[in-house]
Amino acid sequence: TLPQHVRLVEVGPRDGLQNEKQPIGVADKVRLVDDLTAAGLEYVEVGSFVSPKWVPQMAGSAEVFAQIRQKSGVTYAALTPNMQGFEAAMAAGVKEVAVFAAASESFSQRNINCSIAESLARFVPVLGAARARGVRVRGYVSCVLGCPYEGEVAPQQVASVARELFAMGCYEVSLGDTIGTGTAGKTRTLFDVVGRDIPRDRLAGHFHDTYGQALANIYASLLEGIAVFDSSVAGLGGCPYAKGASGNVASEDVLYLLDGLGIHTGIDLQALIAAGERICAVLGRDNGSRVARARRLG
Ligand code: HMG
Ligand code: MG
């Protein structure tokens with residue numbers, strides 16, 4: 001049986017915008033976040049506190065946090081790779097953060113400049129400081145269904161990293177198909193394996209749509225009892241350290257799938273489409289949501 005309720009984690013302002021080439025002003029980022037929460041999204045990843053040399057597009061995250069209209073009942077989160085990022089996030093008033101590890105050593109090196117073990121060791125003090133302040137921490141594992149440098153990644157390797165994140169206190173672990181090579185069968189196997197160590201209601205799916213498989217993978221995940229998915233309005237984004245990775249699966253398209261299954265999300269499709277159309281106009285970019293494009297023609 002499929003879950004009755006699904007939570008969408010909107011990562012467009014972070015995972016989406018971090019990979020856009022042209023400069024994006026703080027006001028446009030703020031407007032995007034506010035449009036998304038007005039559409040009913042209850043979780044928005046607003047930005048990240050990482051090195052601006054590595055990801056210039058996220059440099060203004062503190063200003064964005066300062067200017068968004070914070071709605072009650074909405075979680076506004078930020079990525080924090082280390083204590084420096086965590087402290088910056090706290091100074092900006094952030095109330096939920098995420099740490100991010102990888103299931104492949106090469107990707108870990110290229111993304112965060114350290115080994116998997118080193119990254120996990122860096123997260124321990126972040127989790128400790130977060131616990132002391134009552135800040136919830138989400139965990140990510142990248143390259144769960146393939147690595148741009150190493151190819152196949154074993155589900156057991158994903159499970160081992162996910163287990164460590166969960167054990168150190170992440171309340172939820174999101175499994176990222178960073179380069180979108182996953183297929184529905186592999187997705188089911190992945191959640192079957194990782195689900196032996198971590199309760200399924202503590203796991204999320206994060207699918208990039210590079211190979212056009214994301215919706216199929218989400219449906220496969222639903223069949224495995226997964227009820228939290230990360231998506232990006234208008235399919236914005238990619239990953240600067242995964243060449244060729246296209247955007248995240250479009251939030252509008254995921255919502256259309258869920259609405260069709262009668263699964264409740266609390267999000268208004270028309271308002272979400274409008275939010276996506278607006279940011280695409282600002283960026284001068286094609287809308288990556290098939291649903292948004294179809295509605296425009298219809
Ligand atoms: P490093 O160079 O090893 O760090 O980078 P360091 O500790 O040696 O410090 C070097 C310099 O960076 C110093 O500055 C630090 O102050 C600065 P300098 O003295 O040279 O002027 N620094 C920082 N500045 C701002 N914020 C910080 C910070 N930490 C150090 N937090 C580091 C290590 C992790 C910082 C770097 O590699 C980095 O920022 N990487 C960016 C990673 C990133 O944001 N990737 C994209 C997000 S992950 C993703 O997209 C995948 C996901 O969507 C899931 C999926 O799809 O798979 C989540
Ligand atoms: Mg991603």
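Residues are numbered from 1 along each chain as its sequence is written, while chains are lettered from A and ligands numbered from 1 in the order in which they are written. Because the model is predicted, local features need pLDDT of at least 70, side-chain atom pairs count only at pLDDT 80 or more, and totals for chains, interfaces and linings use all residues.

## Ligand shell

There are 25 residues around ligand 1. A residue is near a molecule if its C-beta atom, placed from the backbone, lies within 6 Å of it. V50, S51, G85, S142 and G176 come nearest. Helix 4 (83–91), helix 5 (105–112) and strand 5 (136–142) are the elements that give two or more residues to this shell. Helices (H or I, at least four residues) and strands (E, at least two) are DSSP runs, numbered from the N terminus. Helix 4 gives the most, with three residues.

By class, the shell around ligand 1 has eleven nonpolar, 13 polar and one charged residues. Ala, Val, Leu, Ile, Met, Phe, Trp, Tyr, Cys and Pro count as nonpolar; Asp, Glu, Lys and Arg count as charged; the others, Gly among them, count as polar.

## Helix pairs

Axes are lines fitted to C-alpha atoms, for helices over the stretch in contact, and angles run from 0 to 180 degrees between N-to-C directions.

| Pair | Angle | Axes |
|---|---|---|
| Helix 4 and helix 6 (residues 116–133) | about 25 degrees | 9 Å apart |
| Helix 9 (residues 214–223) and helix 10 | roughly 45 degrees | within 11 Å |
| Helix 2 (residues 26–38) and helix 11 (residues 269–283) | about 170 degrees | 8 Å apart |

Angles under 35 degrees count as roughly parallel, over 145 as roughly antiparallel, 65 to 115 as roughly perpendicular and the rest as oblique. Helix 9 is therefore oblique to helix 10. Helix 4 and helix 6 are roughly parallel to each other. Helix 2 and helix 11 are roughly antiparallel.

Helix 4 passes helix 6 in a right-handed crossing. A crossing is right-handed if the near helix is turned clockwise from the far one by less than a right angle, and left-handed if anticlockwise. Here M83, F86 and M90 of helix 4 meet P125, V126, A129, A130 and R133 of helix 6. Residues are in contact if their C-beta atoms, placed from the backbone, lie within 7 Å. This contact has seven nonpolar, no polar and one charged residues.

Helix 9 and helix 10 also cross in a right-handed way. L215, I218 and Y219 of helix 9 make the contact with D253, V254 and L257 of helix 10. Five of these residues are nonpolar, none polar and one charged.

## Single residues

A residue is buried if 20 or more other C-beta atoms lie within 10 Å of its own, exposed if 12 or fewer, and partly exposed in between, with C-beta atoms placed from the backbone.

E87 is found in helix 4. E87 is partly exposed, because 14 other C-beta atoms lie within 10 Å. The C-alpha atoms of E87 and V126 are separated by 9.0 Å, although the two are 39 residues apart along the chain.

N113 is not a glycine, yet has a positive phi of about 65 degrees. N113 lies in the loop between helix 5 and helix 6. With 12 other C-beta atoms within 10 Å, N113 is exposed.

A234 also has a positive phi, near 65 degrees. Its loop runs between strand 8 (228–231) and helix 10 (251–260). A234 counts as buried, because it has 30 C-beta neighbours inside 10 Å.

How values were computed:
Two residues are in contact if their C-beta atoms, placed from the backbone, lie within 7 Å.
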